[in-house]
Amino acid sequence: MLALVGEELSRTDLAGYPSRGLRLYTGRVKSFEALVIHNQPEALGELVELLTGPALRIDTARSETEALNKIRSGRVSVLIAGHRPPSLNGISLLEESIAHVPDALRILVVSDESDADYLDRRPNNEHPIVRFVGRPSERSRLVALVHEGLKLHRLVQEQRTLVSALGGKHRKLQNREKLLDVVVRERTAELEESYEKLKAANRQALFGLAEAIEAKDSYTKGHCGRVAAYSMVLAEAAGYPDDELETLEFGAFLHDIGKIGVRDSVLLKPGPLDEEEWLHMREHPVKGYEIASKIEMLKTIIPAVRNHHERWDGKGYPDKLEGEAIPLSARIVGIADAYDAMATDRPYKSALPLEECESILRKNAGKMFDARLVDFFCENHLGAIFDQRYDDEDYEDGYQDFDDDDVDVPIDVDDDVASSS
Ligand SMILES: [Fe+2]
């Protein structure tokens, strides 16, 4: 029995129930917001009468089955169910409705405080069921409860719609971001490919220049490549920055680019040079600098080109730089250049053996050359990379037996280097 409507009405047959509110809403299942369920038509009628108003559209059901059908097919914000087991189990009905309308306000109308005390121990707090004792004095409270529940339900719905819309926008942004990522990766790959091609073209152009230098003097054939190779192994042994190795390699290849401007009569002279010829020959670092400074892709190698004939003691040329004031690339190329000049046959001298070249380098360490670099070069026998006759196992003995007195004086090294590089 529903105490709201009184004992006498609760026994009335639903077939004769004439509720205006009931007729008004039963045909509009899709639009109702509250579903009132009771198996007693009087109670049902009273509840509908009580709750019907401009702010709430109501539908009704007389059984659990009918109620669940309407819950599944309609839009329900409030469920108000009587509880008269076994003919109507409002608790199980409201529990089952959670799966279909999780946000709805669920009210179980009981006739006494002691009814449905299970709800006091119910574990599911996420979807509460409000127990309401249906007395006439509580009518206004039920109406207020329903309207507050409706407001809350609408807020939840609005929030859900907003979150959904934001989620859609967020997904769109994520998709756009992924698309951009793909485009950026593709463009980066294309740029990297273009860069690699450009670098390859640059290398070819630089090697072409080096060949042009060597073509003037058949005796120095292969000299540029060997100087580059010695420079690279020395740089790596000395801990030269990895990202600068390529520039050093080009610098070493083209260190004598200024010889393009040296007269052939001087460059190709088989015998010793006179003073004027030496002066002309020693112009090649500055001539190289003038060439390199006018070509964008050669600007990074200027130090190796201009300063590879400087001496550690400041007596070199063209700038008479001293010690660490000499660019590191130029100090490396200077040693590689001197070593190759000593280790190869020239018109005016024969190639010196490895151990003798190393000995001369050591004697000139701290005078002509950076002593630290000479150590790296000699301790690791870096000059051996082009010496096919060199036997690594026998070398230590030969080096031990080497007589320093046999080494030529440093000035000869200087002249030798100058005349051949
Ligand atoms: Fe040179």
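This note walks through a predicted model of a single chain, point by point.

1. **Ground rules.** The model is predicted: local features need pLDDT of at least 70, side-chain atom pairs count only at pLDDT 80 or more, and totals for chains, interfaces and linings use all residues. Residues are numbered from 1 along each chain as its sequence is written.

2. **Overall make-up.** The chain has 17 helices and 5 strands. These are DSSP runs, numbered from the N terminus: helices are H or I with at least four residues, strands E with at least two. Of the 421 residues, 35% count as buried. Buried means that 20 or more other C-beta atoms lie within 10 Å of the residue's own; exposed means 12 or fewer, and partly exposed is in between, with C-beta atoms placed from the backbone. Take contacts between residues at least 6 apart in sequence: 69% of them join residues at least 24 apart. A contact here is two C-beta atoms, placed from the backbone, within 7 Å.

3. **Strand β3.** β3 pairs with β1 (residues 34-37) in the parallel sense over 4 bridges. Strands count as paired if DSSP finds at least two bridges between them. In that pairing, Leu35 stands opposite Leu79.

4. **Strand β4.** Residues 105-110 form β4, which pairs with β3 in the parallel sense over 5 bridges. Leu79 has Arg106 as its bridge partner in β4, and Gly82 has Val109. β4 also pairs with β5 (residues 129-133), again parallel and over 5 bridges. There, Leu108 stands opposite Arg131. All 6 of the 6 residues of β4 are buried, so the strand is largely enclosed by the rest of the structure. Leu105, Ile107 and Val109 cover one side; Arg106, Leu108 and Val110 cover the other.

5. **The crossover.** β3, helix α5 (residues 90-97) and β4 make a right-handed β-α-β unit. Right-handed means that, with the strands pointing away from the viewer, the path from the first strand over the helix to the second runs clockwise. The loop between β3 and α5 holds Pro86. The peptide bond from Pro85 to Pro86 is cis, with omega near 5°.

6. **Helix α6.** Look at residues 139-215. This helix has 77 residues and reaches 112 Å from its first C-alpha to its last, close to the 114 Å expected. The expected span is 1.5 Å times one less than the number of residues. Of the 77 residues, the number buried is 6, so α6 lies largely in the open. The buried ones are Leu142, Val146, Gly149, Leu206, Ala210 and Ile213.

7. **Backbone points to check.** Most residues other than glycine have a negative phi, and most peptide bonds are trans. The loop between α12 (302-307) and α13 (328-343) contains Pro318. The peptide bond from Tyr317 to Pro318 is cis, with omega near 10°. Lys320 lies in the loop between α12 and α13. Lys320 is not a glycine, yet has a positive phi of about 55°. With 13 C-beta neighbours inside 10 Å, Lys320 is partly exposed. His381 sits in the loop between α15 (371-379) and α16 (392-401). Phi of His381 is positive, near 50°. His381 is partly exposed, with 17 other C-beta atoms within 10 Å.
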